[in-house]
Amino acid sequence: MFKIGDKVHHYMEINKCGKIVKILSENNSLLTSGGTTSSKVIMLVEYPDSTIKKINSGDLMKVYD
């Protein structure tokens, strides 16, 4: 489970660590034969060089130091 302020990194950029600044939820309007799909959880991650990226929560890993 992630929360604002956690240190995280993208699984493809392990050397680049950032901090979660906002958690967003995007609704999915995709209709399948089984019903509607669930919503996506997107994290806004701020890196030390002041860049901010939108990353899917499933692609993030927590940093424990």
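Okay, let's start with the sheet: five strands make an open sheet, running β6-β5-β2-β1-β7, with antiparallel pairing. At the edges are β6 (52-56) and β7 (60-62), each with a single partner strand, so each has one side left without a neighbour in the sheet. On average, neighbouring strands here are turned by 40 degrees against each other, direction ignored. The axes behind that angle are lines fitted to C-alpha atoms, with angles running from 0 to 180 degrees between N-to-C directions.

Before I go on, this is a predicted model, so local features need pLDDT of at least 70 and side-chain atom pairs count only at pLDDT 80 or more, while totals for chains, interfaces and linings use all residues. Residues are numbered from 1 along each chain as its sequence is written, and side-chain values use heavy atoms, with hydrogens and water left out.

On strand terms: strands are DSSP runs of E, at least two residues, numbered from the N terminus, and two of them pair if DSSP finds at least two bridges between them. Take β1 (residues 7-10) and β2 (residues 18-26), which pair in the antiparallel sense over two bridges. Across that pairing, Lys-7 stands opposite Lys-19 in β2.

Now, salt bridges. How many turn up in a search of the whole structure? Four, counting a side-chain nitrogen of Lys or Arg within 4 Å of a carboxyl oxygen of Asp or Glu. I'll go through some of them.

One joins Asp-6 to Lys-62, with the closest N and O atoms 3.5 Å apart. That pair links distant parts of the chain, since Asp-6 sits in the segment before β1 and Lys-62 in strand β7, 56 residues apart. Is Asp-6 buried or exposed? Asp-6 has 11% relative accessibility, so it counts as buried; the cut-offs are under 20% relative accessible area for buried, over 50% for exposed and partly exposed in between, with a 1.4 Å probe and protein chains only. Lys-62, at 29%, counts as partly exposed.

Then there's Glu-13 with Lys-53, closest N and O atoms 3.7 Å apart. Here Glu-13 is in the loop between β1 and β2 and Lys-53 is in strand β6, 40 residues apart. Both ends are partly exposed: Glu-13 at 26%, Lys-53 at 32%.

Glu-26 and Lys-54 also meet in a salt bridge, at 3.5 Å from N to O. Glu-26 is in strand β2 and Lys-54 in strand β6, so this pair ties together parts 28 residues apart in sequence. Glu-26 is partly exposed at 32%, whereas Lys-54 counts as exposed at 54%.

Next up, His-10, which lies in strand β1. This histidine is buried, with a relative accessible area of 15%. A polar atom of the His-10 side chain lies 3.0 Å from the backbone nitrogen of Met-12. Leaving aside neighbours within four places in sequence, His-10 contacts Ile-55, Asp-59 and Leu-60, where contact means heavy atoms within 4.5 Å.

That takes us to the core. Which residues make up the largest nonpolar core? Seven in all: Val-8, Ile-20, Met-43, Val-45, Tyr-47, Ile-55 and Leu-60. By nonpolar core I mean a set of buried Ala, Val, Leu, Ile, Met, Phe, Trp, Tyr and Cys residues joined through side-chain atoms within 4.5 Å. Beyond its neighbours within four places in sequence, Ile-55 touches His-10, Val-41, Ile-42, Met-43, Val-45, Tyr-47 and Leu-60.

Technical notes: Helix = DSSP H or I, 4+ residues; strand = E, 2+ residues; numbered from the N terminus. Polar contact = N/O pair within 3.5 Å; in protein donor to acceptor, adjacent residues only side chain to side chain.
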